[in-house]
Structures are given as C-alpha cells and as structure tokens.
Amino acid sequence: MADAPDTPGDMVTLNVNGRTIEAPRGTMLVDAAKAAGIEIPIFCYEPRLGAPIGACRMCLVEIEGMRGLQTACSTPVAPDMVVHTESEVAKDAQDGVLELLLANHPLDCPVCDKGGECPLQDRTFRFGPGETRTVEPKLHFPKPLDLSPLVALDRERCIACYRCVRFSQEVAEDGQLTFQERGDHAEIATFSGDPYEGRFTGNTIDLCPVGALTSNPYRFVSRPWDIKNTPSVCAGCSVGCNLEATERDNEVKRLTGRPEPNFAVEEGWICDRGRWAYPALRSPERIEAPVLVDAVGRRKVLLDRAVKEAAGMLGAPGLRIAVLLGEPITVEAGFLATEFAERAGNGRGLVRRMGIPGHGLDALRALPGAQMDHIDGADVVVVVGGDPCTQHPVAELRLRKARRRGARVALAGPRPTALDPACEVIRTTPGHLLDAAPVIAEMLGAAERPIVLWDEADLAAEPGAAATLAQEIEAVPAARAIEMASDVSGPGLRALGIATAGDMLTAMEADEVDLLVTIQADPTTGPEGARWSQAIEGVPRLIEMSTYRTGLTDRADLVLPLLTALEDEGVLVSMAGRAQRMRPVARECAGAASAWELLIALTHRLGRPVPDRTPSQAFARLAAQHAPFAGLDYRELGTTGAVIRQSAVPGAGASAGGEAGAGGAGARREPEGEGLLVIPCRPVFGDATAHRSDALASVVEPTRVGLAPVDAERLGVRTEARVRIATPHGQAVLPLEVDSRLAEGAAYLFTGDPHRGATALLAMDGGPVRAVVSVAQREEVST
Ligand code: SF4
Ligand code: SF4
Ligand code: FES
C-alpha cells in the first residue's frame, strides 16, 4: 500500500462533543480530536505504518448523518461534521470492542512485561465496561513461542491489530510476518515458519499495543514502576537514532524506540543492533578499574590515584604528547582533548582522530545538506557507494519509504544490498564508481527534489568519482546531499577542526612523540594496524583511556576506564549534521569515568585548569569558538537536537584545499598491492559492540571474506573454508563466504570484530588496496 504524500490542505471546521474545532483537510478524525485535547481510543491506528486499516474497531464514534458508527482512525474530517465520541452509542461500542478483545485475553497483567505501560490496560481502565459478562473458559495456547531468539510471542494476549504485520510488510518490507489460521485461532507467524529475522524486528515489540510481542532479553527483568526511562542517542552508527533507555538498579535493562519519535532522524524506528547492544556494557572485555604499570609492577589503582599518576607522567618538561581520538567521542570530549593537549604539550600537543582523511571530499561536503526526513519528500534518491542497509540501517527504512511514496531510488556501487530487489541498481565494477556518473547525472537532471546519499569511505577511495559527483549535484540547484559518515565521532570532530591521524603516525615513526594518549582508540586494529603497532612500540609512554580492553591495554603504562555512551553525557553530531544530546542512563562501572571528566581533572592536576565543570559548560565554550556550532545552546538541543552549520565545517568548501595528503580532487588512485581489489564492507551488525553483546549472538555478522564463485573456484575453496588474505598492510585468516552476487576479481572484506584483524588490512588514508587470497593452512592465524 502506498504511503499518502504530505499535501498541506486548507482548514476544515467541525464539531466534536459540542466543541468547534479546526483541522487541516485530510486529517483523520482521531488526530483532529487529539489535537483539540479529545482522546478517541485506538489500537491498530499508527500513521507511521501507512494508511489506516480499521482493524480493531476501538475508535468507533458517532457521526451525525452517517449510518452506523464510523472508525475515527480512517475517517477524514469534513466541513461541518458533527461527531460524538462520548455519546451512549459510542461508549456502548467502545465497551463492546474492549469486552470482545478481552474475551480470550489471559489478564495475566501481573506477570506481563507490558503490564503498567500497556495501552490495553490503560484503555480498558478509561474506556472499558468495568466488568466482564464472559463466563466461558478462555482459550489457552502454548506460550511463549519464540518468533526469533530475540522476539517472543504470547498468542493469548494478541488482539489482532496487525501492527506487527504491517511493520513487516510495509515498513521493513521483509514480508515475513502474517496471520495464520482464522477467528480466535488466528496467530502471528512467519510465512515460512522460519524464525522472524531481520535488521528491524524489535520495532514490532514497541508497536505491539499489548504484551503479545516481548523482548526475550528483557522478559521478566523489570516492572514499569521499578524503572526510569531516559531519552538518549544511539552511538551504533552515524545515523544517530534517538532512543529511550530503561534503567533499573543502576543497570541499563532495555533500549526502545522513542515514544515521541524524532521525525527528522529515525521516526521512532531503531535497528536491532542499536536495540540489543546494551548487554555489551557487561562484557567481560570491559575495563573495570584503572591499571598502573610502574616499578612495583602492574596493578589496579583507584581512579584518583590514576589521574594523579597520569598528571605526573604528563607534567614532564618539554614533553611531546599526542592524543588520538577514536569512537564514540562527544564533541565536548573532543574539544576538551584539544584544550588538554594544548596545556600538557605546552602548545605543541597533537590531537588527531581515527577515521578517513577524505582527500577530495571537500566539494561534496560543500553541497547543501539535508536531514533524513527530507528523503521522504524527494522525487529522486541516489545512494552512491556503501551499503545503507548494513552500515546505516535505519537509512534503509527512509529509502524504502521514499520509494513507496513514488520516488525513483537508485543504488550505485559494487556491493549487493538488501534494497536491490526494490530499487534501481547501478552496479559498478569494484573501484569504478565513476562509471555510474552518466546515469546519476541523468537521474538528477530529471528530478525536482533529488537527494544524494554518498558514502564517505567509498568516495574517499575514488576522488575522481567524488569530484564528478559533486559537479553533478551542484548542477541541480534543488539537489541536496547527505554524507554517510563512516564513524560516529567523525562529523562532530571534523566540525571542531580535528584532523585525521596520518601525521601523528609519521611523527611517532620519527620518534617525535614522547607520550601517546589514546581515547577510545586502538589504531593497532584499525587500518594499517601493523604499522601503528610498530610505531607505538617506539613511543616511550602510553596512557590508554578506553571502555573495553584493546590491543594496547597490556602495553599501556596507565589504563583509565571510560564509561560507555549509555552511561555518558554529551553531544554527538549525526551524519546529517544534527547535534544531539546523549544522556547518562546508568553508571554500571564504578571505576570508570567520562573522557570529559578525566580531561578536566587532568588540566586541574597540571595546574592549568579549564573553566568547565560540566559538558554543558564545555559545549558553551566550544560553540563560541567553533563556527559550525555558533548559536547552539546545550539546553535548547533538547531531545531532538539541532543542525550545525555544515558550511562552516573546516574543509567544507569546493575551493578549500582539505587535509594534506596524497591524491587531490580528481586524481585517480591506483590500488596498492597485487591480487584482488578489496571492497571493505562494515556491517554494524558485525562491529565490536555487536560481538560483545550476547543478546545479538544470533544475528551478529561474522568477520569474513566474500568471493564470487568463479574466484573461489579458481582457489578451489568453498563457503566456510578458511582463507588467508594478505594486503600490503598485513594478513589475516578468515572464514570464506562464496556469493554469486559478488563481483569477480574482488575480495569483499567484511570487517568488524577488531580481534579478527580484518580492518588492519586496509589503508589508513582510505585508498584502494589489493589482496592476495589463498587457502589457509590449518595452523595459520592472523598476523
Ligand atoms: S502481536 Fe501485537 S502487534 Fe501483532 S497483531 Fe497481535 S497485538 Fe497486534
Ligand atoms: S541505525 Fe545506527 S544509530 Fe540507528 S539504531 Fe541502528 S545502529 Fe543505532
Ligand atoms: S484504531 Fe481505528 S480501527 Fe483500530
């Protein structure tokens, strides 16, 4: 069913319960009444699922001049309409519907996860008959059934509202959920009988207005009166979905979509990676206490002592310090890192971030930007490079929505994606995104409201394609662009003018760094990891600030544990340039601190304190100093954020030189090495957090190499064989997946779990590399 396009209409005057109200023409009666403060009970109505279907009959109202009762969710307002939502007839109908819905409902509210936050409870209390006339025994079914390892189904509680089915059919478009059987035996199931699997399955739990669908990891964990919900932001990828986090006993127990969605970002949908990432907080890899290594040996110390020791190391005169930022890093922490380095390094401290330098991306970054909801109204959407479905999952839902609304949606690049069956595919051979340019130009030229989503990593690897794409977009004045940023820290840190770490590595290799501070960064598992390992070996002192153990933890002289994003406070900037506030949900690790807290404390210990005591104070100062944040106020960011001035981000100018490095705009970059061209694939369902969350065990994507059948045949290997993949930057032994959708002559490298060493094989500047893939011997391991 196609979504109705937004068409602003003129106003209609009508009468509801004796009150004269106004609503835009086309508004459904239920919404018009709600806007006027009159509640009409609903269950199945959910505008995000498309046109109303009138399945539950809960919203029956009396409309003068119309025969019988009408469903307010599917009846548009009309001039001079006279509506009664509380008349005897209407109330009788509401009573009747609720009585019927409860006829077989088990009323097991005391043991139901939904109890206390359940629309069925609330509406029964407010609109129901108060007592039942049903004396017959209720139907009972085996329960719960696992729809999947993550979603449990309690058939007895289902009120057949179809919300979950419509989400599956019309939003995620995975076509999996349906009703089986009829009448009181109707049951939610998958068509195939297989588990309900996908990237967005958890949204059905949020949508279910009763406790029929529940989260397996959250079952029986808490009751609504024992919990506190906090709005925050997902740090899983740069989409920056808004979510709500549930805390009990100082532990994060649950993540859900926001009941009041941020329509400019995620519309209330979150992906399963974001939803079930929270068990990673309790991963055995978590660093729980500071660790000091000195003449006495290696031992745990208290946080105060650790900060004092760090200050002692940093206080040495003439010290050349370097600070490396990874992800997630809030803009306050990034800003305070520069202030800290300036003080500790006597003006010579180097602060850099991990990430792709983005040679040749300046012109693309200078183009007018867009927010995620602008995709809904586009008539042409082109995705250039990357794979939004696996790298920025919720973007996939926007693209599907745009297509349902009639937009022409195309994906250009060398990777097969889950959107291919639904959209136009401009398949390019690996390394030749430029080949898509003529088709893209034709599509943009014929469009009135085009939007281009371009992948930072892929376009950085092909500056020629980046320059051409920028020209094509610029030629269409109405065109807007969104950069699909590769990491969650990048957009914010770039706006602060913090460059990537190429020159830091060179400085370490030239023995020009005396002390390295890493903050949520382990470059030894990032691109050119082996080179970083060697360079860090030569640095006399290392302070690591990290949430989880990394390849550097055993090498560090001092380890300071950091809070996770769900425990921390501060601002992240999304890929669409929206500054959004994370809020602390719980503090599960007593021995850990925020990066901003530690940086402030260190400046005090060094005798040159920054004036800030809180992230909001740091934000106020950075907003005063950095043009992209000018005019933004921490408190006014509220729960939905505000867009930074992207045109003021350093380097966002077609004529700007960008960051120093090889390959200017327009240059063609030849791949390093020999063998198959490496196509990096970075699924968030395979990233480090996904691997650390036991809840995601059934859906986590393995780190692996993908080959086309012809290349696998040449090697004499099949899926699940172990292959050795070697680039100029190192080698790793990984499982193989043979997939007929992959291009011949390329090695698709599904990176993710940092322990598997796949990312370390890539080039630090994002440039293309080749790899020799061979059959691994049984005893071979990654090096
Ligand atoms: S499982 Fe929940 S969302 Fe799905 S039809 Fe039943 S009540 Fe509605
Ligand atoms: S799409 Fe990205 S930001 Fe949104 S919930 Fe998923 S991982 Fe988090
Ligand atoms: S809410 Fe109107 S029929 Fe279900």
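In this predicted model, the axes of helix α12 (residues 437-445) and helix α14 (residues 463-474) come within 9 Å and cross at roughly 15°. Helices are DSSP runs (H or I, at least four residues), numbered from the N terminus; their axes are lines fitted to C-alpha atoms over the stretch in contact, and angles run from 0 to 180 degrees between N-to-C directions. The two helices α12 and α14 are therefore roughly parallel (an angle under 35 degrees). Where they meet, Ala437, Pro438, Ile440, Ala441 and Leu444 of α12 touch Thr468, Leu469, Glu472 and Ile473 of α14, contact being heavy atoms within 4.5 Å.

A second pair is formed by α8 and α19, whose packing angle is about 70°. This makes α8 roughly perpendicular to α19 (65 to 115 degrees). Val331, Glu332, Phe335, Leu336 and Glu339 of α8 meet Pro615, Ala618, Phe619, Arg621, Leu622 and Gln625 of α19.

| Pair | Angle | Axis distance |
|---|---|---|
| α12 and α14 | roughly 15° | within 9 Å |
| α8 and α19 | about 70° | 9 Å |

Ligand 1 has 14 residues around it, and Cys158, Cys161, Tyr162, Cys164 and Cys208 come nearest; a residue is near if one of its heavy atoms lies within 4 Å. This shell has 13 nonpolar residues, no polar ones and one charged. Ala, Val, Leu, Ile, Met, Phe, Trp, Tyr, Cys and Pro count as nonpolar, Asp, Glu, Lys and Arg as charged, and the others, Gly among them, as polar.

Residues are numbered from 1 along each chain as its sequence is written, and ligands from 1 in the order in which they are written. Local features need pLDDT of at least 70, and side-chain atom pairs count only at pLDDT 80 or more, while side-chain values use heavy atoms, without hydrogens and water.

Notes
Parallel < 35°, antiparallel > 145°, perpendicular 65-115°, else oblique.
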